[in-house]
Amino acid sequence: MSDSAVMAPPAGRSYEKVLQILDLHHRDRTRLVPILQAVQEEYRYLPEEVMTLVATSLGIPAAKVYGVATFYSHFALEPKGKYVIRVCDGTACHVKGSQDLVDALTASLGLGGARKTTPDMMFTLETVSCLGACGLAPAMVVNEDIHGQVRPEGACAILDGIRRMEGL
Ligand code: FES
């Protein structure tokens, strides 16, 4: 029985895509980082059982895969929402009121404490140290879309626009 047959796929997906990614990279262990990037694009995070499958397929310890995944901050070990909102809290954005954005979005999304993702898995709210768009401070990114000089009411309007689009 193959590894893919014995492990239940996460969130209703099969491991076929992971196996394709591994094949695409010729199961080359030196390609571990791009393999994990491609897996994350597929799942939006790195499920533990998939990291184990990657380790087994590459013939390396699972601890090494986990170590790489935790070393690079752009890898996520927990599932994220469909829309990942990153509010910059770097120096330029902080002095221009980024905390007000975080507070407004936190309240609008009903988040707080350790909870970063809404229960319906639609939104994840994070802060980052600099988006490289300091001239647009305060700045935030929704998935790939950057928004500059955002006020709290503007941030909430962006959320409302997404909710309307999603029929929420
Ligand atoms: S400090 Fe916010 S984009 Fe650089």
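Predicted model: local features only at pLDDT ≥ 70, side-chain atom pairs only at ≥ 80, totals over all residues.
Me: Why is the contact between K82 and E166 called a salt bridge?
Reply: The N to O distance between the two side chains is 2.8 Å. The cut-off is 4 Å, between a side-chain nitrogen of Lys or Arg and a carboxyl oxygen of Asp or Glu. The pair of K82 and E166 therefore qualifies.

Me: What makes the pair of K82 and E166 a tie between separate parts?
Reply: K82 lies in the loop between α5 and β1, and E166 lies in helix α8 (residues 152-166).

Me: Why is K82 called partly exposed?
Reply: Its relative accessibility is 38%. Buried needs under 20%, and exposed needs over 50%. K82 falls in between, so partly exposed is the term.

Me: And why does E166 count as partly exposed?
Reply: E166 has 26% relative accessibility.

Me: Which network do R86 and E126 belong to?
Reply: Salt bridges link K80, R86 and E126 in a network.

Me: Is R86 buried, partly exposed or exposed, and what makes it so?
Reply: R86 has a relative accessible area of 27%. That lies between the 20% and 50% cut-offs, so R86 is partly exposed.

Me: What makes D160 and R163 a salt bridge, and where do they lie?
Reply: The closest N and O atoms of D160 and R163 are 3.0 Å apart, and the cut-off is 4 Å, so the pair counts. Both residues lie in helix α8, three residues apart, about one turn of the helix. D160 is partly exposed, at 35% relative accessible area.

Me: How many salt bridges does the structure hold?
Reply: The structure holds five.

Me: What lines the largest pocket?
Reply: Its lining has 28 residues, with Q40, H74, A76, K80 and R86 nearest the centre. The space inside is about 830 Å³. At least two lining residues come from each of α3 (32-43), α5 (62-71), β1 (83-88) and β2 (123-128). By type, the lining divides into 10 nonpolar, nine polar and nine charged residues.

Conventions
Residues numbered from 1 in each chain as written. Heavy atoms only, no water. 1 Å grid on protein atoms, 1.4 Å probe; cavity = no way out; pocket = protein on both sides within 12 Å on 5 of 7 lines; lining within 4 Å. Points joined across faces, edges and corners; volume = space filled by probe spheres on them. Helix = DSSP H or I, 4+ residues; strand = E, 2+ residues; numbered from the N terminus. Nonpolar A, V, L, I, M, F, W, Y, C, P; charged D, E, K, R; others polar. Buried < 20%, exposed > 50% of the residue type's maximum accessible area, 1.4 Å probe, protein only.
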